[in-house]
Amino acid sequence: MTWIKRFNSFRSGFLNPFTFFEREFNYSEAEAWKNQTRIDQSFIRLAFLLHFTMYSTLAIPEVRNSERGMFYLGTIFLINVMGLVLSFQEKFLSWVIQISNFAIIFLMMNLFHESFYNSHDPESLQIYNNFFLLISLIVIFQMFRLKKGSCFLTGTVAIVLHIFFISLKRVELGLDEFPRLLFVPDVVYALCIVIGTSSVIIVKRLISISSELDLEYKFIQQDLIVAKQVQENLFPGRLSIKGIKYEVMRITPNHIGGDFFDFVQLREGNTGIFLTDIAGHGIASALVASMVKIMVSTMPYILKVHPSRLMDYIDDSLQQQFQSYHASAVYMFLDFISKEITFANAGHPYVIQGSSVREFHEIETVGAILGFGIKKPIAEQIKLPLVSKDRYFLYTDGLIENKSEDGKQLGTEGLLEILNENRSETDLGVFKAKVQKAVEKFFGDVALEDDTLFLIVEVE
């Protein structure tokens, strides 16, 4: 049974052309193309498969009826089998390839020479010579070894052997000089040398460039991992904030992104909640988000209790320091002493309010995108009563604008539907898990194109 399994594995692997090419030429990294031993092993195995095309020459009556034709073809088969066996070790592969090439070229040329031994008239000589053109396939095939001298060496041997055989033909015919038509294969061999060698030089250069790009990519990936760790440290950890409970979900298609939120803990136990979405994706957006984090953390205290003025401050700073970047943001100031929530929304998706006993709905506000200095104040300020068990849903536009597998967007209506379907859940953690599950179900397995974040805050 073991031998049967091994044979089936061999048959489905080596003898299956699709499996063979997938395995032998699975060079996923550019560095793999510099492993000459592996390339030579794959070359020998590919040559073994392709050498069976040589037996199509048996369809030629002169070859088929040749006295030693079967001997030559049988010897070629044995040479290829020997090469195949030797390809499973790593020593002397270059010698195996070159000696096999020279032997096969010699045997094929000898086969053609003997098969057309009786050709004397010009037309028969032309036919005789045309079959030598088949050797050019062996010459051009050498470029798959990706060695600059491989085509040149094999092509030179082919030219020398061909001149040797046509010299024999000249003696047989008693000619004083070589007919020019007999040199056509040599010209073709020379062209194959030029084409094959040029191709190898170009491919090796491309591999070198690709290898450099691979190395740069690895460095960039390492830098992105560090950048992600740095950005993660900018986000608030799992905090215990008096007066509120919260749950958050973040999805970043790239390592880092421009969606950011933070809690600003103030005197008297009051709290500010800041959430922003920097335009764009990736490193630049993440850096701007980090700068905005620093702005919010270091700005004067009076601005942290006045959302509209806080937005004006960020608008001016972005316009002066990052003229090509803009952002949307929302800031909520929770005053537990006066029992009020004051917030401003600068071009951000509307804050959604609701509770386990009251439907979720949008709080419509007026505000413009930050970074352009469109107006002053950049966002109007709204006050609401601070009611126990009320929930506030803050999110970035990726949540409603990313597309599902069938190309649909969740939209505000879809989001409100999900929130209201699950609003009866009194436990905030379970509520968040159900909302996230519904969102993930909507998007399916599709990779999100935009950063996505939502924050649910519940007043205790």
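A contact here means heavy atoms within 4.5 Å. Among contacts between residues at least 6 apart in sequence, 71% join residues at least 24 apart. The model is predicted.

Start with the chain as a whole. It holds 16 helices and ten strands. Of its 460 residues, 46% are buried. The chain exposes about 23,700 Å², and carbon and sulfur atoms supply 60% of that area.

Next come the annotated spans. An unreviewed UniProt entry lists residues 43–63, 69–88, 95–113, 125–144, 151–168 and 188–207 under "transmembrane region". Two of these spans can be set side by side. Residues 151–168 are 100% helix and 0% strand. Their end C-alpha atoms lie 26 Å apart. Residues 43–63 are 52% helix and 0% strand. Here the end C-alpha atoms are 28 Å apart.

Now go to helix 9, residues 148–173, where threonine 154 sits. Threonine 154 has a relative accessible area of 0%, so it is buried. What does threonine 154 touch, leaving out residues up to four places away in sequence? Its contacts are Gln98, Asn101, Phe102, Ile105, Ile138, Val139 and Gln142.

Most residues other than glycine have a negative phi. Leucine 146 counts as buried because its relative accessibility is 8%, and the cut-off for buried is under 20%.

Helix 10 spans residues 184–234 and contains leucine 206. Is leucine 206 buried or exposed? It is exposed, because its relative accessible area is 53% and the cut-off for exposed is over 50%. Leucine 206 belongs to a nonpolar surface patch with Ile202, Ile209 and Leu213. Together the four residues have about 390 Å² of accessible area.

Then turn to the strands. Strand 4 runs from residue 327 to 335, and nine of its nine residues are buried. In a regular strand the side chains alternate between the two faces of the sheet. In strand 4 both faces are covered. One side carries Ala327, Ala329, Tyr331, Phe333 and Asp335. The other carries Ser328, Val330, Met332 and Leu334.

Strand 4 has antiparallel partners. With strand 3 (residues 271–278) it pairs over eight bridges, in the antiparallel sense. Tyrosine 331 of strand 4 is the bridge partner of phenylalanine 274. With strand 5 (residues 340–346), strand 4 pairs over seven bridges, again antiparallel. Methionine 332 stands opposite phenylalanine 343 in strand 5. Four residues separate the strands in the hairpin of strand 4 and strand 5. In that hairpin, lysine 339 takes a positive phi near 60°.

Two further loops deserve a look at their backbone. In the loop between strand 7 (361–363) and strand 8 (381–385) lies proline 377. A cis peptide bond joins lysine 376 to proline 377, with omega about -10°. Most peptide bonds are trans. Further on, lysine 389 is found in the loop between strand 8 and strand 9 (391–395). The phi of lysine 389 is positive, near 75°, in a residue other than glycine. Lysine 389 has a relative accessible area of 46%, so it is partly exposed.

Methods. Residues numbered from 1 in each chain as written. Predicted model: local features only at pLDDT ≥ 70, side-chain atom pairs only at ≥ 80, totals over all residues. Heavy atoms only, no water. Patch = residues over 30% accessible without salt bridge, like charges linked within 9 Å, V, L, I, M, F, W, Y side chains within 5 Å. Areas by Shrake-Rupley, 256 points an atom, 1.4 Å probe, with all protein chains shown as cover. Salt bridge = Lys/Arg side-chain N within 4 Å of Asp/Glu carboxyl O. Helix = DSSP H or I, 4+ residues; strand = E, 2+ residues; numbered from the N terminus. Buried < 20%, exposed > 50% of the residue type's maximum accessible area, 1.4 Å probe, protein only. Pairing = 2+ DSSP bridges. UniProt positions renumbered as here; feature names shortened; annotations may be inferred.
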